[in-house]
Every structure is written in structure tokens, then in C-alpha cells.
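The sequence and the structure come first.

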Amino acid sequence: AAADATPRVFDLEHTHAPSGERGKAAAKKAAAKSKLRASGVGAREGLESGLLEDEMRSGALGADGSGNERGATNATLCCVVKADVQGTAEAVRDALLSLSTDRVGVKVVYQGTGAVTESDVSLANAVGGVVLAFNVKHGAETEKLAKAENVLVVRRTVIYHLLDAVGEMLGGMAPTTLTEEVYGEAEVRQVFDLSSRRGNKANLVAGCVVTKGSLDGDEKFRVVRGGAAAHDGLLDASSIRRHRLEVRVVGKGTDCGVNLSGFTDIRPGDVVQCVRFVKKKATVEKVQTGGSRVV
């Protein structure tokens, strides 16, 4: 048989990979493609949705996300949007992006028209996101895959209702922060030096009257003098006594003796603050046109 004159082209990427920075970039891209392919995301979808670029970026940052401050500290809801027509898909996308804030972001990784497909579910699974379906349906096999992959598919026929569902998800992702609260205050009336007495746990005791709230021995303490803290950081209470009995909590109007660990510069007229930290969620505000955003 005659030899085929058509030149044959071989992919020599692995045997003749470029060196230096080009080589690193090529290897990074290949690894990103491989990871997306393992999640069921095709090359075309990965490129169109921006997932390929995101995967390469996250690979460069490392597992701890260092180098990307926002990605390391803020939550993002990734969405795959499907609608009946292109114009509606774009309107849904724009409305979703208007709900994005610095506290909780919204990213539309893909938008398209027609019924929700298994590829849409695989894409949402790859990014840990949801599928938002406006005025479209999905088949039994797609629903089966969504359940198997634990991917949420939200179907609505009114955009306002779809945005409300997204707003609820964003509210659930709202970050919590530890906020300092002054639980109680006591005025120091007299300071007692008990170092010469046997059996005392505390050498220096501040005789106080609780003027606000309560003092709780399990919380942290601060001494305020002249409107400013008299020390760095916060202190522990080694003991709180009421009528020579050691107690954990004393309330407003109560006389008590307080000894603070590691602090001996207590003076009459100082204010002892009992400080505690409470978890508070970020504020979720309702948007008039539908949905909610975290601020």
C-alpha cells in the first residue's frame, strides 16, 4: 500500500514541555484541566465559565488561599443559571450580581438557555455551587444526578421568587464575628493588701461595688483609669469574694472583693470592667427588587 502523504501531527506536550515560566504555566493549566475533567466539567465549559482560570489561580495560591485576601476570608455563592431565553438569563445574571457584597459574594459561573442538563449539575458540583433554573425544567436523569451529587437545583417561574431564594442562601452564608461587650462594671472603693495573712489566695484585693450589670469570674476583665485602659490586653479574675465566700457572679449594687491575675497596680477610683465576647452575624438587608444582600 502506498504511504499516506498526509503529515501526521503528534502532541508532544509532555515530552517536549517548555521550560522556565512557560513550563510552569503549562503544567498548571494541565493540572487544572485534569481536576475539572475529574469533576465532570468539559474543556469548553471550563473555559467559558472561567473555572479553568479560577482553578489555575487557586492552585498558585496553595491550599490555605494565601495571596488572595478576599478568597481566604469571604464566602461566595457560585451559580449556574439556566433560563427559557437568553434575555431572561442575562436579566437573572445581572440581578444576582447586584446581591454580591464584600461580605458574601455572588458569582455566575455559567449562564445558558434551555432545560437543566447533567453538565449543568456537574459544573455546579465542581464549584460547590447551585443551579438556578428560571422557567425551565430538568429531566429524570438530571434530577437523579443532582441528588447523587447533593447539588441544589432551584426552580422558579418568577424572578422575584428566585432572587428571594438566593437571598436566603446568602443570609445563611453570612459570616460571624466576635464582638466585645462590657458585661458589667464595678468601682474600686478601697484596696486591701493581704500578703501578710496566711491562707489567702490573693495578696492584693480590690474592694468594689458593682455599678452596672454583673461581674462573672469566667469572663475577662479590664481596669479603666481616667477613661483609658490601665494595662495591655485583658485579665483573668483569680477570685471574686462576697462576704468572705468565693463566688462566680456578683450583680449590680453588690459589694465584693476582686483579685485580678498578674495585675497589682489597682487603685481606688479605678473601674473594673467585665468583658465578654459574643458571636454576631453580619447584617442581611432586604433588596426591594428581590433577594437580600449581606452587608
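Glutamate 185 and lysine 212 form a salt bridge, with their closest N and O atoms 3.9 Å apart. The pair links distant parts of the chain, since glutamate 185 lies in strand E5 and lysine 212 in strand E6, 27 residues apart. Glutamate 185 has a relative accessible area of 16%, and because the limit for a buried residue is 20%, glutamate 185 counts as buried.

Strand E5 covers residues 176-193 and strand E6 covers residues 204-216. E5 and E6 run antiparallel and are joined by nine bridges. In this pairing, phenylalanine 192 stands opposite valine 205 in E6. E5 is also joined to strand E13 (residues 271-281), again antiparallel, by 11 bridges. Here glutamate 181 stands opposite arginine 276 in E13.

## Other salt bridges

A search of the whole structure finds 16 salt bridges. Side chains of opposite charge can pair when their charged atoms come close. One of the salt bridges joins glutamate 187 to arginine 189, where the closest N and O atoms are 3.6 Å apart. Glutamate 187 is partly exposed, at 32% relative accessible area. Elsewhere, Arg225, Asp265, Arg267 and Asp270 belong to one network, joined by salt bridges that share partners.

Another salt bridge is formed by the side chains of lysine 147 and glutamate 143, at 3.8 Å from N to O. Both residues are in helix H7 (residues 140-149), and because they are four residues apart, about one helical turn separates them. An α-helix has 3.6 residues a turn, so residues three or four places apart point the same way. Lysine 147 counts as exposed at 63% relative accessibility, whereas glutamate 143 is partly exposed, with a relative accessible area of 37%.

Helix H7 also holds lysine 144. Lysine 144 is exposed, with a relative accessible area of 58%. The C-alpha atoms of lysine 144 and glutamate 118 are separated by 9.2 Å, and the two residues are 26 residues apart along the chain.

## Helix H5 and what covers it

Helix H5 spans residues 86-97 and has 12 residues. From its first C-alpha to its last, H5 reaches 17 Å, close to the 16 Å expected at 1.5 Å a residue. The buried residues in H5 include Thr88, Ala89, Val92, Ala95 and Leu96. Because they cover an arc of only 130° around the axis, these residues are on the same side of H5.

Which elements cover the buried residues of H5? Among them are strand E1 (75-83), strand E2 (104-113), strand E3 (130-134) and helix H8 (159-172).

Most residues other than glycine have a negative phi, and most peptide bonds are trans. Histidine 243 has a positive phi, near 55°, and arginine 244 also has a positive phi, near 70°.

Histidine 243 is in the loop between strand E9 (235-242) and strand E10 (245-246), and arginine 244 is in the loop between E9 and E10. Histidine 243 counts as exposed at 62% relative accessibility. Arginine 244 is exposed too, with a relative accessible area of 78%.

## The whole chain and its confidence

The protein has 295 residues, of which buried residues make up 35%. Its secondary structure comes to eight helices and 15 strands. Of the contacts with a separation of 6 or more, 66% are between residues 24 or more positions apart.

The mean pLDDT of the protein is 82, and 73% of its residues reach 70 or more. Over residues 1-20 the pLDDT stays under 50, and the model has five contacts beyond four places in sequence for this stretch. The pLDDT is also below 50 over residues 58-73, a stretch with 11 contacts in the model beyond near neighbours in sequence. Where pLDDT is low, the predicted coordinates should not be read in detail.

Notes. Residues numbered from 1 in each chain as written. Predicted model: local features only at pLDDT ≥ 70, side-chain atom pairs only at ≥ 80, totals over all residues. Heavy atoms only, no water. Helix = DSSP H or I, 4+ residues; strand = E, 2+ residues; numbered from the N terminus. Expected span 1.5 Å × (residues − 1). Buried < 20%, exposed > 50% of the residue type's maximum accessible area, 1.4 Å probe, protein only. Arc of directions from axis to C-beta. Contact = heavy atoms within 4.5 Å. pLDDT = per-residue confidence, 0-100. Pairing = 2+ DSSP bridges. Salt bridge = Lys/Arg side-chain N within 4 Å of Asp/Glu carboxyl O.
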